[in-house]
Amino acid sequence: MCTRASLVTLSLVTTLVALIITPSNLLVQCCPSSEWASLMAIKASLYEPNFGIFHTWRGTNCCYKWYGISCDPTTRRVAEINLNGLTVPDNRRRLNRHATTGYMTGHISPSICNLTQLSSITISDWKGISGIIPSCIQTFSLLQILDLSGNSITGDVPTSIGSLMQLTMLNLADNRISGTIPTTLTNLNNLVGLDLRNNLMRGHIPKDLGRLKNLNRAFLSHNLLTGPIPETVSEIYGLAVLDLSMNRLSGPIHESLGRMPVLDSLKLKYNRLTGEIPSTVLGSRMTHLDLRGNLLSGKIADVFGERSYFINLDLSFNNLSGLVPKSLRSANYIGHLDLSHNRLCGKIPNGKPFDRLKTTSFEHNKCLCGMPLKPCTQETV
């Protein structure tokens with residue numbers, strides 16, 4: 001199916017000499033005809049009007065200069081699809097000076113599942129790609145990266161996702177995916193990055209999420225998730241970033257989250273979490289702790305010290321009561337601090353970091369006083 005350049009065949013010797021002196025990158029080999037046909041079906045299901053990236057998908061050899069397609073040099077099978085609307089090369093951007101990012105419509109053809117040797121699929125940031133995630137994705141036994149973010153994909157995450165045992169990165173962010181997080185997701189033992197934010201996903205976070213022992217970053221924010229934060233999350237030793245913001249999660253914040261050795265950023269803002277803020281969380285080594293907009297109550301534990309280094313500490317819009325902890329003065333660093341819209345009372349401590357904070361950090365509390373708010377009186381102390 002592949003058209004090859006003719007070599008001068010005056011003799012076997014001259015043929016061998018020609019092969020020896022011809023650069024290897026010119027000896028183009030064909031991809032299998034079945035994979036060529038699958039790529040043609042993918043092309044037919046997508047429409048990209050601005051940069052003409054599919055104009056390079058011509059001829060019968062999909063391993064040779066097809067934009068976004070890479071093949072294994074040994075097997076000649078398609079190994080990677082890399083179509084990212086934010087990284088269209090500059091020479092293609094010039095075709096449409098008014099387009100700063102790509103735009104593509106259509107859907108992802110199920111024919112993609114015939115490319116069984118794929119190790120990486122990136123079809124992201126095209127805005128207009130709709131349809132569902134093909135349910136046949138279990139055929140990708142070698143797949144390590146699946147990035148379909150920044151589109152308009154709908155439907156559920158297929159339960160067959162749990163068959164992709166080599167997967168290290170799953171990014172489905174910024175779509176319109178609904179349904180629940182499949183429990184089979186916790187089978188992905190090699191998963192390092194999980195990004196499902198900005199979708200319409202509902203239901204509970206799987207209880208055994210802690211089975212993802214290699215997970216380093218988990219973004220589930222801006223969904224419709226309900227129920228508690230699974231306590232098994234604290235069993236993920238290497239988890240550094242956990243963002244569950246902008247959902248409908250309820251229940252307490254587990255003390256074990258504050259004992260995680262690597263967790264650096266915990267964002268739980270705008271949920272329906274209740275109970276007290278565990279002292280282990282406030283006294284941890286996190287640099288970003290955002291609990292804004294929940295139903296948290298009780299006192300703020302006075303547990304800050306030399307190892308406290310908060311770039312952002314936001315406890316605003318809760319039902320916290322009691323005093324502003326004096327131990328905040330002992331913190332190594334407090335960048336942004338927001339304790340506003342609570343029920344705190346008493347005198348704001350003097351010294352750092354309080355001497356540089358603005359009124360907005362403390363306003364709308366029950367009876368806080370002192371700089372930067374109004375001076376304390378006998379009734380407010």
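A residue counts as buried when its relative accessible area is under 20%. Serine 160, with a relative accessible area of 12%, is therefore buried. This is a predicted model of a protein chain of 381 residues, and buried residues make up 50% of them. The chain holds 4 helices and 23 strands.

**Whole chain**

- The protein chain has an accessible surface of about 18400 Å², and carbon and sulfur atoms account for 53% of that surface.
- When contacts between residues at least 6 apart in sequence are considered, 50% join residues at least 24 apart.

**Annotated segment**

- UniProt, in an unreviewed entry, places the feature "domain: Leucine-rich repeat-containing N-terminal plant-type" at residues 34-72.
- Within residues 34-72, 28% of the chain is helix and 13% is strand.

**Tryptophan 36**

- Tryptophan 36 belongs to helix 2, which covers residues 33-44.
- The side chain of tryptophan 36 reaches the backbone oxygen of glycine 59 at a distance of 3.0 Å.
- Tryptophan 36 and leucine 115 are 79 residues apart along the chain, and their C-alpha atoms are separated by 9.5 Å.

**Aromatic rings**

- Two rings pair if their centres lie within 6.5 Å, and by this rule there are 5 aromatic pairs.
- One of these pairs is phenylalanine 54 with tryptophan 57: the ring centres are 4.9 Å apart and the planes stand at 80 degrees, so the pair is edge-to-face.
- Another pair is tryptophan 57 with tryptophan 66: the ring centres are 5.4 Å apart and the planes stand at 20 degrees, so the pair is stacked.
- The cut-offs behind these two labels are over 60 degrees for edge-to-face and under 30 degrees for stacked.
- Phe54, Trp57 and Trp66 are linked by ring pairs into a cluster.
- Phenylalanine 54 and tryptophan 57 are both buried.
- The relative accessibility of tryptophan 57 is 2%, so tryptophan 57 counts as buried.
- Tryptophan 66 also counts as buried, because its relative accessibility is 3%.
- Elsewhere, the charged end of arginine 197 sits over the ring of phenylalanine 219, at 4.3 Å from the ring centre.

**Serine 160**

- Serine 160 is located in the loop between strand 7 (145-147) and strand 8 (169-171).
- A polar atom of the side chain of serine 160 lies 3.0 Å from the backbone oxygen of serine 135.
- Leaving aside residues up to four places away in sequence, serine 160 touches Ser135, Ile137 and Gln138.

**Aspartate 338**

- Aspartate 338 is part of strand 21, which covers residues 333-338.
- With a relative accessible area of 9%, aspartate 338 is buried.
- The side chain of aspartate 338 makes a polar contact of 2.7 Å with the side chain of serine 340.
- The side chains of aspartate 338 and arginine 292 are joined by a polar contact of 3.4 Å.
- Not counting residues up to four places away in sequence, the residues that aspartate 338 touches are Arg292, Leu313, Asp314, Leu315, Ser316, Thr360 and Ser361.

**Backbone geometry**

- Most peptide bonds are trans, and most residues other than glycine have a negative phi.
- Lysine 352 and proline 353 are joined by a cis peptide bond, with omega about -5 degrees.
- Proline 353 lies in the loop between strand 22 (343-347) and strand 23 (367-369).
- A cis peptide bond also runs from methionine 371 to proline 372, with omega near 5 degrees.
- Proline 372 is in the segment after strand 23.
- Arginine 76, although not a glycine, has a positive phi of about 65 degrees.
- The loop between strand 2 (69-71) and strand 3 (78-84) contains arginine 76.
- Arginine 76 has a relative accessible area of 32% and is partly exposed.
- Histidine 341 is not a glycine either, and its phi is positive, near 55 degrees.
- Histidine 341 sits in the loop between strand 21 and strand 22.
- The relative accessible area of histidine 341 is 26%, so histidine 341 is partly exposed.

Note on methods
Residues numbered from 1 in each chain as written. Predicted model: local features only at pLDDT ≥ 70, side-chain atom pairs only at ≥ 80, totals over all residues. Heavy atoms only, no water. Phe/Tyr/Trp six-rings, centres within 6.5 Å; stacked < 30°, edge-to-face > 60°. Buried < 20%, exposed > 50% of the residue type's maximum accessible area, 1.4 Å probe, protein only. Lys NZ or Arg CZ within 6 Å of the ring centre and 35° of its normal. UniProt positions renumbered as here; feature names shortened; annotations may be inferred. Helix = DSSP H or I, 4+ residues; strand = E, 2+ residues; numbered from the N terminus. Contact = heavy atoms within 4.5 Å. Areas by Shrake-Rupley, 256 points an atom, 1.4 Å probe, with all protein chains shown as cover. Polar contact = N/O pair within 3.5 Å; in protein donor to acceptor, adjacent residues only side chain to side chain.
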